[in-house]
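Please view the sequence and structure first.

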Amino acid sequence: MTFTLYSLLQASLLCLNATALLHEERYLKNIGWGTDQGIGGFGEKPGIKSQLMNLIRSVRTVVRMPLIIVKSIAIVLLLLFG
Amino acid sequence: MAYHSGYGAHGSKHRARAAPEPPPLFDDTSGGYPSQPGGYPAPGAEVAFNVNHLLGDPMANVAMAYGSSIASHGKDMVHKELHRFVSVNKLKYFFAVDTAYVAKKLGLLVFPYTHQNWEVQYSRDVPLPPRQDLNAPDLYIPTMAFITYVLLAGMALGIQKRFSPEVLGLCASTALVWIVMEVLALLLGIYLATVRSDLSTFHLLAYSGYKYVGMILSVLTGLVFGSDGYYVALAWTSSALMYFIVRSLRTAALGPDNMGGPAPRQQLHLYLTLGAAAFQPLIIYWLTFHLVR
């Protein structure tokens with residue numbers, strides 16, 4: 001399994017895209033991972049599940065706009081260079 | 001190097017007005033260069049005037065002066081951009097090593113079982129640089145070990161008559177990608193388990209990079225003593241590295257507050273550390289077994 005930096009870039013783009021695609025209402029709420037469920041109180045330890053939900057939500061918010069640009073560039077380059 | 005010292009001296013002049021500055025990591029070798037920003041165009045102009053006398057061709061002199069001013073402008077821009085992404089002072093901390101530290105650290109990586117005190121020492125809230133503290137992580141050993149590993153892989157493949165120049169680049173980028181993935185996985189684990197520690201990305205990079213020393217030793221033993229020697233060295237370096245990682249990460253992650261917190265959090269810490277340690281032998285085997293056949 002030999003990697004190149006290009007394959008790392010490709011894999012990270014696909015993973016970020018997958019995270020950004022998770023729709024709040026249609027999907028995450030059905031498996032109990034929506035951000036308005038289960039935040040709990042202000043205890044000292046947030047717990048893994050709420051950390052993960054926070055992470056998904058923040059990744060989605062931050063990455064949505066640049067991801068559109070990066071994906072269109074990738075589409076154009078792949079069409080041109082195969 | 002002189003540019004860095006010049007910038008460092010300039011920066012520390014500014015900082016000295018605000019707060020007491022930490023002791024300098026490197027000696028200031030900026031003796032021959034002016035340390036104010038206004039001094040920068042002056043040497044360029046002087047060079048242009050001197051060369052004017054020597055060459056006697058005005059166009060070449062104008063071009064040379066223009067080129068040198070463009071180059072210095074480009075260098076300033078690169079420094080500014082680099083400072084935005086990577087804090088160069090924090091990076092300098094990891095390269096403040098000397099020969100005695102490197103020798104002792106390599107010995108510690110191969111035989112960590114007799115080392116007693118694993119805590120990183122601080123002086124006035126600032127961690128001591130690796131020169132003065134054996135337990136401090138550094139990036140010099142991982143960088144050198146990575147380069148040595150790539151060269152050694154080329155040599156091992158050459159011995160097996162499977163060498164071609166692309167293989168070197170492929171080996172280097174494969175190892176680099178594995179390191180990046182491991183550092184990202186560790187960062188994700190630290191974030192999810194909400195471990196409060198002062199383990200920055202560079203610390204994790206340093207601890208992940210120490211496995212290259214084990215890889216080099218395994219490959220060398222495999223080349224000299226054959227396949228059995230490779231497996232013996234692999235077992236030895238893997239267990240030494242696992243012990244080293246577990247002890248270092250436990251004292252680093254639990255460092256500031258020694259109570260440890262509630263029990264499930266401690267369990268998460270433990271799983272994270274054990275997972276990081278268990279990953280090392282696998283990746284050492286994966287990246288080296290094709291070199292020793």
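The model is predicted, so local features need pLDDT of at least 70 and side-chain atom pairs count only at pLDDT 80 or more, whereas totals for chains, interfaces and linings use all residues. Residues are numbered from 1 along each chain as its sequence is written, chains are lettered from A and ligands numbered from 1 in the order in which they are written, and side-chain values use heavy atoms, with hydrogens and water left out.

**Helix pairs**

Helices are DSSP runs (H or I, at least four residues), numbered from the N terminus. Axes are lines fitted to C-alpha atoms over the stretch in contact, and angles between N-to-C directions run from 0 to 180 degrees.

| Helix pair | Axis distance | Crossing angle |
|---|---|---|
| H1(A) (residues 5-21) and H3(A) (residues 48-81) | within 8 Å | roughly 130° |
| H6(B) (residues 140-159) and H7(B) | 9 Å | about 140° |

H6(B) is therefore oblique to H7(B). H1(A) and H3(A) are likewise oblique to each other. Oblique is what remains once angles under 35 degrees (roughly parallel), over 145 (roughly antiparallel) and 65 to 115 (roughly perpendicular) are set aside.

The crossing of H1(A) and H3(A) is left-handed, while that of H6(B) and H7(B) is right-handed. Left-handed means that the near helix is turned anticlockwise from the far one by less than a right angle, and right-handed that it is turned clockwise.

Contact means heavy atoms within 4.5 Å. On the H1(A) side the contact residues include Tyr6(A), Leu13(A) and Leu16(A), and on the H3(A) side they include Ile56(A), Val59(A) and Arg60(A). This contact divides into 11 nonpolar, two polar and two charged residues. In the other pair, Phe146(B) and Tyr149(B) are among the H6(B) residues that meet H7(B), where Val167(B) and Cys171(B) are among the partners. Nonpolar covers Ala, Val, Leu, Ile, Met, Phe, Trp, Tyr, Cys and Pro; charged covers Asp, Glu, Lys and Arg; the others, Gly among them, are polar.

**Between the chains**

Chain B gives 17 residues to the contact and chain A gives 14 residues. Together the chains bury about 1400 Å², of which 77% is on carbon and sulfur atoms. Val177(B), Tyr191(B) and Leu192(B) supply 35% of the area that chain B buries against chain A, more than any other three residues. Buried area is the accessible area (1.4 Å probe) lost when two parts are put together, summed over both.

**Salt bridges**

A salt bridge is a side-chain nitrogen of Lys or Arg within 4 Å of a carboxyl oxygen of Asp or Glu. Between chain B and chain A the count is zero. Over all chains there is one salt bridge. Glu182(B) pairs with Lys211(B) in a salt bridge, with the closest N and O atoms 2.5 Å apart. Glu182(B) is in H7(B) (residues 165-192) and Lys211(B) in H9(B) (residues 211-253), so the pair ties together parts 29 residues apart in sequence.

How values were computed
Helix = DSSP H or I, 4+ residues; strand = E, 2+ residues; numbered from the N terminus.
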